[in-house]
Structure formats: C-alpha cells, structure tokens
Amino acid sequence: MNFQRNSLSGETLLSLYHNLLWPRLIEQKMLFLLRQGRISKWFSGIGQEAISVGATMALQKDEWIMPLHRNLGVFTTRNMPLHKLFKQWQGAQDGYSKGRERSFHFGSKEHHICGMISHLGPQLAIADGVALAYKLKEQAKVSLAFTGDGGTSEGDFHEALNTAAVWDLPVIFIIENNGYGLSTPANEQYRCENLADRAKGYGMESVVIDGNNILTVYDTIKGVRDYCIREQKPYLVECTTFRMRGHEEASGTKYVPKELFDIWQLKDPIKNYEAWLMKEGIITQLQISDLQLQMKEKIEEELKTGFDSRPIVVKVEDELRDMYATLDLTPNPSPKERGIADAGQQPLLTRDANNISAAPQREASAAGSLSFGEGRGEVLRKTRMIDAIKEGLYQSMQHHPDLILMGQDIAEYGGAFKITEGFVQEFGKSRVRNTPLCESAIVGAALGLSLEGFKSMMEMQFADFATVGFNQIINNLAKIHYRWGQNADVVIRMPTGGGVGAGPFHSQSNEAWFVHTPGLKVVYPSTPYDAKGLLVAAINDPNPVLYFEHKALYRSVSGEVPEIYYEVEIGKARIVQTGDDISIITYGAGVHWAEDYAMEHTHISIDILDLRTLLPLDYAAIEASVKRTGKVLLLHEDTLIGGIGGEIAAWIVENCFSYLDAPVMRCASLDTAVPFNVELEAAFLAKSRLDEYVQKLISY
Ligand SMILES: Cc1ncc(C[n+]2csc(CCOP(=O)(O)OP(=O)(O)O)c2C)c(N)n1
C-alpha cells in the first residue's frame, strides 16, 4: 500500500491512527458481546474503517455527515461517548434514540450526524438540503453523504446527484464499493466500469481511490472539500474496499469466494498503516501495544457504564408526544407569540348560482373577532381560493426570511396552477426554486434544510406525484422527530382531487395514505379563508404538514379573506351550519356538495361539519355534531375502502354509540381509479350518491 505523507504532521498521522484503531477494537468487542447475546445485531465495518475515519477527519466538526450502516468510524471520530453508543445498541432509554431505534439508525444534532433510515438512498438528498442551506447562508462548508455500491442502484442516488449538480451544491458523495450488496456481487449490480464514471452523466467531477488507505482517503476528501467550497459544486468519490465480515453476522460469508478474503486481508487498512507508521519511525511496536491495551481498558470501562441502564419505563404519553415537535423549535416566533391571534370563526361563505363568487357577510362581527393591525383600511376582500393560497404563501415568505419554496416550474413559470406567479421577481431565485423532476430528492432536500434551521415548502405539481416522494415523506419526514428529536420543518402543498376531467393520475384523493402516518399533520381547507389561514399555520408549524388544496375549488369558490397575516388553528374543525336531522361530516369538495345539497333540500335540517384538519382530527367537534343529530353521514371524495370516513365511523361507534339513532353511514367515491370521461367521473364521485345516502339515513 502506497502511503503518501505529504505535509502531514506526526500529530495528525497519529491522530488518524487512533481514530482508525478505535472503531476496530470496539467492533471486535461487539462481536464477542454479540456471541454472548448481550447486544443486538449490527452491520460490521471491519475492513472499511479508513473511509469513515478519513472522511470524517477531513471535515470540520460542524459539517453534517449522513452515514450508513457500516460507518461506526463516523460516530467514533465525532467523539461520541462509547458508553452512550453501547446504550444505543442495546435499545436503552438513555441511548441516543430513547430505545426507539436500532444500531446506527439515529442522529445527533450536537455531532452533526444525520441518522439513516433503513432504505438505502434517502440520505443522499438530505445532504443536498444541508448543502443548500450552507450555500444560502454563504458559509464555507460542505455536507457529506455515504452510499454503498448496492445503494447506487436506487433512484435516490440518481436524483440526489443530479439535483446537487444542477443546483451547484457543495456536497461530497462517497461510494464505499465493497464489492457486495448483501450477497449480490458488483457484476449483478451495475454495468459501468467504475461507479465513479456515472458522475460524468451529471456534469460532476469524480475520482476512484483506494478506500483502505487512510492517508489517501483523508487527503482526497480534504482536497475535494476545498474544491466543493471553492467551486460551489458537488463531487463523487468512489472508494474501493472490502467487507471483511458478512452483511451482518447472521448472514455469514458463504456467498463470497474465500480467495477474496485472502487478498483483502493483505490490504487491511489498520495493519498496513501501522506497518508504515513504524517504518517511518512515527510509532513503535511497544507504543502500539500500549495504545491497544489502553483502548481495550477504556472499552471495558465504558461498557460498565454502557450496560448500567435502568430498565425501560414505558410512558405511552411520551411516545405519542414525541412524534411531534413543539412550536418553540421554530426559529421565528409564531404569529400568536407575536400577538397575532387566530382569526377564529370565519365570515360566511356564500355562492351565487354558478358557485363562483361570494357575497360579503358579517363583516362587522368578523372584524370584531380579528386582531387587525391599526390603520388598515380594507379588512376583508373577496378572494378566490387560489388567490387565498397565494396570499398565505406570499405573506409567509415575507414573515419568514428563512422560508424556501421548491417545486417543478414554480419560479418564472409561476407553477402549474400559477400560485407562485410573480414570487421569483419578489423573493429571488434562491428562495423560489425550480427543481429538476425528482420528487424524492426534493422532499429529502427539504429535510436537509430543516437540519440547518430553514423552513421549506415544496409544491407537488399534482398530489398524485407524491407516490415518487413517498418514502421520504413517510419514513424520513414523519418519523425523524420521534427517532432522534430532529424536526422536519416542511410543508408539502398537494393540488388534489377530481371533477376536472384529468383522469387517473391527475385527480386522486390520496390524503388517507398520509393520515395513516403518525408524525405528519394533514390539513385540507375547503374555503379561501381557511386556505390562507391553514397555510400560514402549516408553515409556522415545526412539523411536516401535508396541505391539500382541491384543484376544482381553486377558481370556483370565492369568499371573504382578511388581508392581514393570520392563522387558522390546525386540528380545529368548523361548523358550517348546525341542524337537527342529520350530520354530514366532510372536508374539501365534500363541504360544497353538502352545502349545495342543504340549500336544495331546505326541508331537511342538516348539520355540516368541515373537518379542515384530517390529522389530528377534532374529535370534540365530531362528538358535538353527533350529539346534535344522532344520525351521521361521512362524506368524502376519496374512495370508500380505507378512506378516512371508515376511521371516523369507527371512532364514533366506539365513543358516541349512545347518541346514535342510526348506523353511521359513508358516502364516498367508487372503489375504482378516477376515470377521465366526464360522465364516468361524475358517476365515480361521491357527490352522485349523496342524495341516496341522505335519504337512507333520514328514513332509518
Ligand atoms: C430500499 C431497501 N432495499 C433493501 C434493503 C435491504 N438491504 C439492507 S443493506 C442491503 C445491501 C446494501 O448494499 P450496499 O449498498 O452495497 O452497502 P453495504 O451493505 O455493502 O455496505 C440490502 C439489500 C434496504 N435496507 N433498503
């Protein structure tokens, strides 16, 4: 192995050695403990340590690293106390994730390490977001993300590298090419000669290096770091290496030819470096033995504390609470803290025969309930749904200088629905960002921005396309706070719904997928007033919020909207009208269907509740509506099976059974894809069956 000292001091050379040896000795001990059944399984990095250690040492301590399952060396080089790591590996409550996560699936803000999820690609785009934050703050920093050779086959690899290249982000991507992805050898994983060759396709520089040579790794990553900062560009480094143990201990190594172990044993990163250090007279055999002894003693000492954990105390309320961050995590004070109250009950929405305009009502009482700024002339303005969303977003951009908007075609073009038209001229291209076509990477980048204290809003061009960003939403955004206390300060706007003849992939109602995911909040306004107030609240909220906006309501519904910046509280339903005969509990377009129905059937006294937020649900408001009528119809545009109506129906039956005078009924869209043909679509939509269900319920 060819070690090049270059200008490195003896102190640095020794420090590299210490950092290299430390994870090796820890893992040797862990293997021993595993055989005794005292710790849970992990993925060994033995033989690959030079990559984790060299790369981490080449970075500044406050630069974010996105490690994977074999990167113990990242954690140890960032000086994480070993006893606490042991606690983590045992699932102890005083470990890094309160017993909620396994082996290396955790992060630490203090150490600028972002913990992986099991899925192998999503880490890469988080590094993009962090690098974007550095770039926006004009900080001379890089982020660094690891992937294995197997992980490079995931779409996330392509999306993250492409986005980093297009946005000129200072990210270092490291591939640890150890020849296998579990049992799959490289020749069944990819066809290019070197994985580093892929960089060319992204317009990125790359290099292949010996990942077992600590000096090569350290020197290369230091140089690459300088390049990324100076040029404001990403860089791909492929490190060749070998996994000296099985994928994890239980998998064994039978699928790897024995000769490979013999070859790579000779390339052991520690043995070779030690030999070179001794040859150069930087360390003696005696000093090595002493150091190893000291480290082994230290491991035993740390183990004692590490195993000295209290038995776990399960507090269900803590588990539930920690799914969400509380507001004080936001860098900016909330409007409530700034003295801007929730605007409360909204002005009544009325519509003309064509359902397209609104007449102002109750201005005085509405004004009375609002804390308007002094000296404002106009208080309420008739506003279309689409303009209310635009206004909420615009004012949020003014209110939060650290709010970044991202989405396809949202800059000069103004977005598919023109919500962000004019924003780029006002707020600039840094904050109003066109994205490449890569939903997963952009959700990941949004999370990366959160790590550095930014807020972000991503526009899904259509809610349907959330499927290609699904993993990041469900597994990263939703779970990160529970797992290690990092919040995901991200809003995803979801233009949703049918009734516009757009067919199966531009019309879906997919809110139920997200309602089923703890850690997310899901809001779904039906009026311009709520659209603005809920968007403001979603952006102020430090948690990931999916904001559904119904496309068919954009230009067909208008209503009075205050010109001030105000919030509508997340988690509070709205009584649209009270009634005695039946309750219709609904949201989104369903609210308008119910109102139209009530207007056309004045002989039926209908109680209409607009849920406004689907996660968390306003159970008190649901219960109150059930009490008022005793007969409940759940109405939604989403398809029936697995729709949120089923969930609410179950809750009502469990909790409000004694108030019921009839079975809870559900009126939903057909359990089919959304058809394109207008008549087929009309038959698909729940609206076509509303009368049938109301009659059934009334006559029960
Ligand atoms: C999306 C996804 N698919 C499959 C797996 C199961 N899995 C875990 S590690 C692994 C192999 C990864 O290989 P590579 O990226 O080369 O990294 P290495 O384990 O060799 O370090 C697989 C298939 C997973 N964790 N995530």
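Which residues form a nonpolar patch on the surface? I began with that, keeping in mind that this is a predicted model. I found Ile-312, Val-314, Val-316 and Leu-320. Together they have about 410 Å² of accessible area.

I then looked up Leu-320. I placed it in helix α12, which covers residues 316–321.

I turned to the strands next. I traced an open sheet of five strands. I wrote down the order as β16-β18-β17-β20-β21, with mixed pairing. Which strands stand at the edges? I found β16 (574–577) and β21 (665–669) there. Each has a single partner strand, so one side of each is left without a neighbour in the sheet. From one strand to the next, I noted a twist that averages 25 degrees.

I looked at one pair within the sheet. Strand β17 (residues 582–586) pairs with strand β20 (residues 632–639) in the parallel sense. I noted three bridges between them. For Ser-583, I found the bridge partner in β20 to be Val-632.

What lies across β17, β20 and β21? I found helix α24, residues 644–655. This helix runs at about 155 degrees to β20.

**Entry: the salt bridges**

I moved on to charged side chains. How many salt bridges are there? I noted a count of 35.

I began with Lys-29 and Glu-300. Their closest N and O atoms are 2.8 Å apart. Lys-29 lies in helix α1 (residues 10–35), and Glu-300 lies in helix α11 (residues 285–307). The pair therefore ties together parts that are 271 residues apart in sequence. Is Lys-29 buried or exposed? I noted it as buried, at 17% relative accessibility, because the cut-off is under 20%. Glu-300 is partly exposed, with a relative accessible area of 37%.

I checked Asp-94 and Lys-87 next. Their side chains meet in a salt bridge at 3.1 Å, N to O. Lys-87 is buried, with a relative accessible area of 6%. Asp-94 is partly exposed, at 27%.

My next pair was Arg-245 and Glu-249, whose side chains meet at 3.0 Å, N to O. I noted Arg-245 as partly exposed at 27% relative accessibility. Glu-249 also counts as partly exposed, at 23%.

I found one network of Lys-98, Arg-100, Asp-318, Glu-319, Arg-321 and Asp-322.

Key: Residues are numbered from 1 along each chain as its sequence is written. This is a predicted model: local features need pLDDT of at least 70, side-chain atom pairs count only at pLDDT 80 or more; totals for chains, interfaces and linings use all residues. Side-chain values use heavy atoms; hydrogens and water are left out. Patches are made of residues with over 30% relative accessible area and no salt bridge: like charges are joined within 9 Å, nonpolar side chains (Val, Leu, Ile, Met, Phe, Trp, Tyr) within 5 Å. Accessible areas come from the Shrake-Rupley method with a 1.4 Å probe; for residues, only the protein chains shown count as cover. A salt bridge is a side-chain nitrogen of Lys or Arg within 4 Å of a carboxyl oxygen of Asp or Glu. Helices (H or I, at least four residues) and strands (E, at least two) are DSSP runs, numbered from the N terminus. Two strands pair if DSSP finds at least two bridges between them. Axes are lines fitted to C-alpha atoms, for helices over the stretch in contact, and angles run from 0 to 180 degrees between N-to-C directions. Contact means heavy atoms within 4.5 Å. Buried means under 20% relative accessible area, exposed over 50%, partly exposed in between (1.4 Å probe, protein chains only).
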